[in-house]
Amino acid sequence: MQSNGKVKKYFDLSSKYLNDADECMKKEDYVQASEKLWGATVTIIKAVAAQRKKTIKTHEGINFFMAEIARELNDENINNVSLIAEGLHQNFYEDVMHPDTIKKGAKTIKQFVTRMCNRFTLPKN
């Protein structure tokens, strides 16, 4: 698959996971919503990486690439998003987060995905 095909694939997955997270939250399935929000974060980062002809296959790779983007853009908030997404991913396994925390995380992740799309000229949701 060519780079632009991967960018679209990852963008489409990110959009799907955001929509899925909304549906899960409507059903008060916050554990599944947490994992979908993690997925939306990871796939939008993979879209940016694919745009640069990079492949990321590990959690560590995601974290390092997000830190690289944060430095590049001089935007420490990206590191905060990384921590939020990791927490949501952990919540999938532990189910310890309050629904209000997950809702706040969802808002943060949605804003992040939009920022990445705008900054890196990815398709829009």
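## After helix α4

Just after helix α4, aspartate 95 takes a positive phi of about 50°. This value, like the others in this report, comes from a predicted model.

## Helix α4 and its surroundings

Helix α4 covers residues 77-94, which makes 18 residues, and its first and last C-alpha atoms lie 25 Å apart, close to the 26 Å expected at 1.5 Å a residue. Several of its residues are buried, and these are Ile78, Val81, Ser82, Ala85, Gly87, Leu88, His89 and Asn91.

An α-helix has 3.6 residues a turn, so residues three or four places apart point the same way.

## Helix α2

After α2 comes lysine 53, whose phi is positive and near 60°.

## Where α2 meets α3

Helices α2 and α3 pack at an angle of about 65°, and their axes are 10 Å apart. That angle makes α2 roughly perpendicular to α3, because angles of 65 to 115 degrees are counted in that class. The crossing of the two helices, α2 and α3, is left-handed.

On the α2 side, the residues that take part are Trp38, Thr41, Val42, Ile45, Lys46, Val48 and Ala49, and they meet His59, Ile62, Phe65, Met66 and Ile69 of α3. Sorted by class, the contact of α2 with α3 has 9 nonpolar, 2 polar and 1 charged residues.

## Alanine 70 in helix α3

Alanine 70 is found in helix α3. With a relative accessible area of 4%, alanine 70 counts as buried, because the cut-off for that description is under 20%.

When neighbours within four places in sequence are left aside, alanine 70 is in contact with Asp75, Ile78 and Asn79. The C-alpha atoms of alanine 70 and asparagine 80, which are 10 residues apart along the chain, are separated by 9.7 Å.

How values were computed:
Residues numbered from 1 in each chain as written. Predicted model: local features only at pLDDT ≥ 70, side-chain atom pairs only at ≥ 80, totals over all residues. Heavy atoms only, no water. Helix = DSSP H or I, 4+ residues; strand = E, 2+ residues; numbered from the N terminus. Expected span 1.5 Å × (residues − 1). Buried < 20%, exposed > 50% of the residue type's maximum accessible area, 1.4 Å probe, protein only. Axes fitted to C-alpha atoms, helices over the stretch in contact; angles between N-to-C directions. Parallel < 35°, antiparallel > 145°, perpendicular 65-115°, else oblique. Left-handed = near helix turned anticlockwise from the far one by under 90°. Contact = heavy atoms within 4.5 Å. Nonpolar A, V, L, I, M, F, W, Y, C, P; charged D, E, K, R; others polar.
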